[in-house]
Amino acid sequence: MSADGAVIETSLLRKDFTVRRKVGRLRRTKDVVSAVDGVSLSVAEGELLGYIGPNGAGKSTTLKMLTGVLTPSGGTLSVCGLTPVPQRTVLARRIGVVFGQRSQLWWDLPLAESFSLLRHVYRVPAADHAARLTACRSLLDLDSFVDTPVRQLSLGQRMRGELTAALLHGPKVLFLDEPTIGLDVLSKQAVRGFLASLAARGDTTVVLTTHDLADIEKLCRRLVVIDHGRVVHDGTLEELHAAYRSKRRVVVDLDAPWPTDLVLPGASVEHVEADGYRVTLALEGATAGDVVARLAQAVPLRDLSVQEPEIEDVIAKLYAAPSVPRRN
Amino acid sequence: MANPYLQLLAAQVRSQTQYRVSFAIDLVGSTVLTGLDLVTVWVLFGVNGSLGGFGGREVLLMVGVAAAAFPIADLAVGNVEKLRVYVRSGLFDAVLLRPLSSLGQLVVMDFAPRRVGRVLQGCAIYVVALVAAPVQWSTPVAVLVVFAPLAGAMFFGAIFVAGATVAFWWIDSGEISNAFTYGGKDVAAYPMTVFGGLFRRLFAYGLGFAFVSYLPVLAMLGRSDPLGAPDVLRWCSPLTGLLVAVLAGLFWRTGIRHYRSTGS
């Protein structure tokens, strides 16, 4: 581990892929695409980092380089003081990985058998393994399905199994690639609650990629946003919203058509739909309460909802920002 | 603590027994195919004339070494050809995330117990050939008789691994590696004298298939190579097997560096 206590350290990390493309009937050209284009990061021990960005931004590619699956095309990296690809098997014992769309479990075997196989694969002392498994069984509520073959588990059950599998060898760093993708609300809550309790213990560093705003809001103190393989933001969620002036929105259903001349201080009209019976207002300084109170004086309200700014909107703004370098 | 590879192997066998019917069909299929191989041998047994300057029973011994060597390689590492499926689906990620050798895991992950039968049948053909052929027994020959099929298995194993490794660059490599494995098995089973000039130079000596069966059998029969290869080469198959295995291992390591891990 480096002197300043960083568990993960990358400098100008790059991964290029060659893409062959058909041009005309027979000719083909080669294009070099940088999936990750100079990412420099430092993650301290015990930190829970949200690594976000749109599809194809380079999130998974970065994670695969950090875990020793992909060989970087350039730059340097160290994880737990090791260089991932050359020291892959040593590193594998110190990290846990959950890739949402790739199972680490044995498809045809009961979950419990996958767990005991992993004990042998990672050479974990029986007592440590048993203690960790007991903790996970109660925290993630595994008891009802540990004896079911993995192929028969629901996605939520499988994900809880994957998390357990990733933690049985007591990793220093946990990498999670979209761990809540496709899960129902209850399973998402179970996974989030578990990760929050893991982060609270402070001895496991977690790097999480997600598209889920709630994951980010509930879990991540620090966010790294990447787009086109480059870091475009590194800081807290509040800093991100402040930097890109995200707005909360109020959507109101009215009993009478929207009076087009109505002016609400501190809010602006974004859309008027349904012949004027539904209006979306963006809050620009005023509180939702103020705006609704003023509006109710002018027009009878039927229903309303407040929408929190979405991370996708923020990212959409990041694309549009001229400071973001783009490569094509 | 038990060896992790053995544990993975046992898990694979347990997984396979979950699909009993398909296991039974596989077993029947491979038995029928080996039966056809035996017919080929029976035909050779009946050859009275000569094949490339060798009698039927001498050729039978060449067939025998290849017949014993190939299924051993197929049992041990034949399932690495599944690599292209893992590369295509990205499942190879899971292999690289475990603290074990990637090649070692691949070998045990798809271990096919039904292939044990083919090893036994191949060895039976070899034993019959050893009895039938005019072997010039001596201590070095006896040692060679034991090591030749193992060296051949190492040779074929290396070709299986090298052929599978191509998938890291070329996912649609399809059956091309089979030309060198199954095709190579057939080339190795005949006297090199039956092949034409360029083909012989390329496959027999360039790629080394002559070392699997032809050259060691010459030593067992106490004959020199009619094509003029130095006599000492007849004893070299364990060395060439080892060399080819090391080269295949290096090729594999290079291949892993080029793994692209498709998908998210």
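Here are a few notes on the domains of chain A and on one of its sheets.

1. First, some ground rules: this is a predicted model, where local features need pLDDT of at least 70, side-chain atom pairs count only at pLDDT 80 or more, and totals for chains, interfaces and linings use all residues. Residues are numbered from 1 along each chain as its sequence is written, while chains are lettered from A and ligands numbered from 1 in the order in which they are written.

2. Chain A is split into domain 1 (47-69 + 83-243) and domain 2 (249-308); such bounds come from an automatic or database domain assignment. Taken over C-alpha atoms, the centres of domain 1 and domain 2 of chain A are 41 Å apart.

3. Now the sheet: it is open, with four strands of chain A in the order 11-12-10-13 and antiparallel pairing. Strand 11 (267-273) and strand 13 of chain A each have a single partner strand, so these edge strands have one side without a neighbour in the sheet. On average, neighbouring strands here are turned by 20° against each other, direction ignored. (Strands are DSSP runs of E, at least two residues, numbered from the N terminus; two of them pair if DSSP finds at least two bridges between them; axes are lines fitted to C-alpha atoms.)

4. What does strand 10 of chain A pair with? Five bridges join strand 10 (residues 249-254) to the antiparallel strand 12 (residues 278-283) of chain A, and six bridges link strand 10 to strand 13 (residues 301-307) of chain A, also antiparallel.

5. Val250(A) is worth a click: its bridge partner in strand 12 of chain A is Leu281(A), and in strand 13 of chain A it is Val306(A). Val252(A) has Leu304(A) as its bridge partner in strand 13 of chain A.

Conventions. Axes are lines fitted to C-alpha atoms, for helices over the stretch in contact, and angles run from 0 to 180 degrees between N-to-C directions.
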